[in-house]
Amino acid sequence: MTIGIMEVNLVDARGLSNSDFLNKIDPYVLIQYKSQEHKSTIAKGQGSKPSWNETFKFRVEFPGSDEQPKLVLKIMDHDTFSSDDYIGQTTIYLKEVLELGVENGSFELRAQKYSIVDSSQSYRGDLRVGVSFTPRVENESYAQEFGGWKESQCGQRLKMFMELEMVSRDEGRAICAFDEEETIPETQPIEIGGEEYMNRRAEIRCTETFHNLRNNLVEHIYGVQNINLNLDPPDDSEDEFSENDFM
């Protein structure tokens, strides 16, 4: 699978028509590729001959689950005091563009006209659009720019905090559970220095570390660079237990 950037160059439109003949069109374009969407600026007051000259970037995986990848461009009329009107749309099929981009290292489909049709397949004008695709290796800035997980040191720390928070929620639900027939065994003394003593001691340290991390979750989200996760275990000489601790 190849991952890359598709750039869509929205140039202009000509001959746009709308059912609202009394008002001038203020068109804009919604550009959709799978779950990704961009919106152009509103060509306010430009009527049936708007110009945008704007470029939009999409993250593309090819080949993907869609055998016929496509770009859908919906032309809308902006209204100030009511919902925006749908003018029409056009579809650009991308399979050949993506294939040539993979084969040649990049490919550009220069701007050309595409017919705009409404829901009844009536002609509503032309839209001029160019498309290019360039495969590339994902890095941290690329993943961040296109909504991927940034696996930096800070990202890994935040991910760990989120997992700890989910664990704490599960523990909370478990604590709230109550069984009337449950019998709690009597507390038995533990020999200091024995295997069970050492296991309990390790559990207590893990619990303390978990709560320290959990208490810093909010601070980490708002100031991720200021968190220090180098949590060294306390010195053994300062963390001795007496027999009474386990009686």
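## Close-ups of a predicted model

**View 1. Asp 26 and Lys 44 pair up in a salt bridge, their closest N and O atoms being 3.9 Å apart.** This pair ties together distant parts of the chain, 18 residues apart: Asp 26 sits in the loop between β1 and β2, and Lys 44 in the loop between β3 (36-39) and β4. A salt bridge here is a side-chain nitrogen of Lys or Arg within 4 Å of a carboxyl oxygen of Asp or Glu. Helices (H or I, at least four residues) and strands (E, at least two) are DSSP runs, numbered from the N terminus. Asp 26 counts as buried at 12% relative accessibility, whereas Lys 44 is exposed at 61%. For those labels, buried is under 20% relative accessible area, exposed is over 50%, and partly exposed is in between (1.4 Å probe, protein chains only).

A word on the model: it is predicted, so local features need pLDDT of at least 70 and side-chain atom pairs count only at pLDDT 80 or more, while totals for chains, interfaces and linings use all residues. Residues are numbered from 1 along each chain as its sequence is written, and side-chain values use heavy atoms, with hydrogens and water left out.

**View 2. Asp 77 is buried but has no salt bridge of its own.** Its place is in strand β5 (residues 70-77). The nearest side chain of opposite charge is Lys 44, 8.7 Å away; Lys and Arg count as positive and Asp and Glu as negative, with His and the chain ends not counted. What Asp 77 does have is a polar atom of its side chain 2.9 Å from the backbone nitrogen of Asp 26.

**View 3. Asp 12 and Arg 14 meet through their side chains in a salt bridge (3.7 Å, N to O).** Asp 12 counts as buried at 8% relative accessibility, and Arg 14 as partly exposed at 34%. Elsewhere, Glu 61 and Arg 59 form a salt bridge at 2.8 Å, N to O. Glu 61 is partly exposed with a relative accessible area of 30%, as is Arg 59 with 22%. Salt bridges with shared partners also join Asp 12, Arg 14 and Arg 128 into one network. The structure holds five salt bridges.

**View 4. The largest nonpolar core has 29 residues, and Met 6, Ile 31, Leu 71, Leu 127 and Val 129 have the most contacts inside it.** Elements giving two or more residues to this core include β1 (2-14), β2 (27-33), β6 (85-93) and β8 (123-135). β4 supplies the largest share, five residues. A nonpolar core is a set of buried Ala, Val, Leu, Ile, Met, Phe, Trp, Tyr and Cys residues joined through side-chain atoms within 4.5 Å. Leaving aside neighbours within four places in sequence, Leu 127 is in contact (heavy atoms within 4.5 Å) with residues including Leu 10, Val 29, Trp 52, Leu 73 and Ile 116.

**View 5. Helix α1 has the buried residues Val 97, Leu 98 and Gly 101.** They cover an arc of only 95° around the axis, which puts them on the same side of α1; the arc is that of the directions from the helix axis to the C-beta atoms. These buried residues pack against β4, β7 and β8. The face turned away from the buried side carries the exposed residues Glu 96, Glu 103 and Asn 104. After α1 comes Gly 105, with a positive phi near 90°.

Notes
A polar contact is a pair of N or O atoms within 3.5 Å; within protein, one must be able to donate a hydrogen and the other to accept it, and residues adjacent in sequence count only if both atoms are side-chain atoms.
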